[in-house]
Amino acid sequence: RPYLEMFGTPLADGAHETIFMVLVKEMLPSIFAAVLLSAILAAIMSTADSQLLVTASAVSEDMYKGAIKKDATEKTEEFGDSALKIMQIMLVNCRNI
């Protein structure tokens, strides 16, 4: 079981992924800890956004334009991308309820 001896803080099983966050909270002043923890959140949000974009683009380009409507305009593809992103976000939110 990981243990931070200098702080007397035991970590729960499987908490090795949170070691950076625990150390930042324990070792740095609040303002610096907030900046570093928000950087982690920004990286997570950027990754999620990229995954949504890639999925919507792949479906729009490969499935819709490739199989359903071969002569789709760019405006139609953009609308489809936006609709797919909204549907993905709704699906994720419904799953977390």
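Tutor: The model is a predicted one. Three helices and two strands make up the secondary structure of the protein, and their order from the N terminus is β-β-α-α-α. Of the 97 residues in the protein, 14% are buried. The accessible surface amounts to about 7,700 Å², with 66% of this area belonging to carbon and sulfur atoms. Among contacts with a separation of 6 or more, 28% are between residues 24 or more positions apart.

Helix H3 takes in residues 74-95, which is 22 residues. From its first C-alpha to its last it reaches 31 Å, close to the 32 Å expected at 1.5 Å a residue. Which residues of H3 are buried? They are Glu77, Asp81, Leu84 and Gln88. These residues lie on the same side of H3, because the arc that they cover around the axis is only 70°. In an α-helix there are 3.6 residues a turn, so residues three or four places apart point the same way. On the face of H3 turned away from the buried side are the exposed residues Lys75, Phe79, Met87 and Cys94.

When neighbours within four places in sequence are left aside, glutamate 61 is in contact with Gly66 and Glu77. The C-alpha atom of glutamate 61 is separated by 9.1 Å from that of aspartate 81, and the two residues are 20 residues apart along the chain. Is glutamate 61 itself buried, partly exposed or exposed? Glutamate 61 counts as partly exposed because its relative accessible area is 40%, a value between the 20% limit for buried and the 50% limit for exposed.

Helix H2 also takes part in a nonpolar surface patch, to which H1 (19-27) and H2 each supply at least two residues. The patch covers about 660 Å² and is made by Phe20, Met21, Met27, Leu28, Ile31, Phe32 and Leu36. One of these residues, leucine 36, has its place in helix H2. Leucine 36 is likewise partly exposed, at 33% relative accessibility.

Conventions:
Residues numbered from 1 in each chain as written. Predicted model: local features only at pLDDT ≥ 70, side-chain atom pairs only at ≥ 80, totals over all residues. Heavy atoms only, no water. Helix = DSSP H or I, 4+ residues; strand = E, 2+ residues; numbered from the N terminus. Expected span 1.5 Å × (residues − 1). Buried < 20%, exposed > 50% of the residue type's maximum accessible area, 1.4 Å probe, protein only. Arc of directions from axis to C-beta. Contact = heavy atoms within 4.5 Å. Patch = residues over 30% accessible without salt bridge, like charges linked within 9 Å, V, L, I, M, F, W, Y side chains within 5 Å. Areas by Shrake-Rupley, 256 points an atom, 1.4 Å probe, with all protein chains shown as cover. Salt bridge = Lys/Arg side-chain N within 4 Å of Asp/Glu carboxyl O.
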